[in-house]
Amino acid sequence: MPKNDYAAMVKYGEWLNVLLGKDIKTWQLKKQFQEAITVLNLDYTLSLNDLSLTIIDKIQKLKVWDYYIYHAYTLKDKGGISFIESFRDIHDPLRIYDFLSDLKENSYSDRYPDTYFESVLKSVIHMYMDRRFILNWFKKLKENDAPEMFSSDTFAGIKHLVSNYNGIRKSLTFDKIRGFHHVVSFTEKYPHAELGIPTEVILSHIALKFFMLGDIDYFGFCDHCSNFFVVHRKGRKVYCSDICRANASKIRASQ
């Protein structure tokens with residue numbers, strides 16, 4: 001692998017290493033999306049009150065991501081209702097509909113259309129769904145489960161990641177100060193990015209970049225705790241940390 005590709009793969013892998021961790025803390029999850037701007041060299045300014053990170057904070061504090069993932073899956077079978085409206089008359093632990101409605105009217109004084117708030121909420125919940133899918137997909141790849149890789153659910157999940165991946169583009173621009181230069185930015189499909197960073201786009205983009213550069217040789221799942229980890233040298237690692245290696249050694253010694 002060329003040195004530049006290897007360096008890029010390691011950069012994306014280290015970002016994923018944190019984001020796909022089993023016990024990731026709220027501050028770590030938010031920090032990863034803040035750092036993704038630098039990792040991808042995005043032409044993007046993150047607001048101090050970014051709505052995506054605010055929603056993530058609320059979901060993480062109550063640990064209710066499973067509730068929202070389940071709701072998003074069940075909503076696929078229902079038509080004629082908007083994503084954000086679907087939270088109005090259900091037992092929602094965060095009362096997300098009321099929270100966003102109040103935010104829109106008061107904090108933002110109706111500066112943004114309803115569709116922006118809906119898209120930001122969708123992006124965050126889909127990020128949690130994609131995070132789960134990526135972990136399951138990568139595990140199947142390591143287990144060499146070929147039949148599973150061609151299942152309709154896996155195919156649909158990968159297509160979804162590809163669609164998200166294409167939400168970031170590199171375009172050529174020109175100005176009097178810098179002349180010709182490339183700009184990495186979100187596409188026009190994501191106008192709500194000014195309200196909340198599109199977390200599902202970032203996760204999909206980095207995950208696929210990492211996978212396409214390294215394939216299955218550069219990641220694994222810990223033999224002790226099953227946590228995802230990045231491998232810098234092919235075939236050189238079976239534990240995610242020295243702690244897990246030591247604990248595994250103690251267990252073997254006691255048997």
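Contact here means heavy atoms within 4.5 Å. Helices (H or I, at least four residues) and strands (E, at least two) are DSSP runs, numbered from the N terminus.

The model is predicted: local features need pLDDT of at least 70, side-chain atom pairs count only at pLDDT 80 or more, and totals for chains, interfaces and linings use all residues. Residues are numbered from 1 along each chain as its sequence is written, and side-chain values use heavy atoms, with hydrogens and water left out.

**Exercise 1.** State which residues of α2 and α3 meet, and describe how the two helices are arranged.

Solution.
Step 1. From α2 come T26, L29, K30, F33 and Q34; from α3 come L53, I56, D57, Q60 and K61.
Step 2. Sorted by class, this contact has four nonpolar, three polar and three charged residues. Ala, Val, Leu, Ile, Met, Phe, Trp, Tyr, Cys and Pro count as nonpolar, Asp, Glu, Lys and Arg as charged, and the others, Gly among them, as polar.
Step 3. Two packed helices are described by the angle between their axes and the distance between the axes. Axes are lines fitted to C-alpha atoms, for helices over the stretch in contact, and angles run from 0 to 180 degrees between N-to-C directions.
Step 4. The axes of α2 (residues 26-39) and α3 cross at roughly 160 degrees and come within 9 Å.
Step 5. Angles under 35 degrees count as roughly parallel, over 145 as roughly antiparallel, 65 to 115 as roughly perpendicular and the rest as oblique. Therefore α2 and α3 are roughly antiparallel.

**Exercise 2.** Describe the packing of α1 against α2.

Solution.
Step 1. Helix α1 (residues 3-19) packs on α2 at about 165 degrees, with the axes 10 Å apart, so α1 is roughly antiparallel to α2.
Step 2. K11, Y12, E14, W15, V18 and L19 of α1 meet Q28, L29, Q32, F33, A36 and V39 of α2.
Step 3. These residues divide into eight nonpolar, two polar and two charged.

**Exercise 3.** Describe the packing of α3 against α6, then the span of α6.

Solution.
Step 1. For α3 (residues 51-62) and α6 (residues 114-142), the angle is about 50 degrees and the axes are 10 Å apart, so the two are oblique to each other.
Step 2. In α3, L51, S52, I55, I56, I59 and Q60 meet F117, V120, L121, V124, M127 and Y128 in α6. The contact has 10 nonpolar, two polar and no charged residues.
Step 3. With 29 residues, α6 reaches 42 Å from its first C-alpha to its last, close to the 42 Å expected at 1.5 Å a residue. The expected span is 1.5 Å times one less than the number of residues.
Step 4. Just after α6, N144 takes a positive phi of about 60 degrees.
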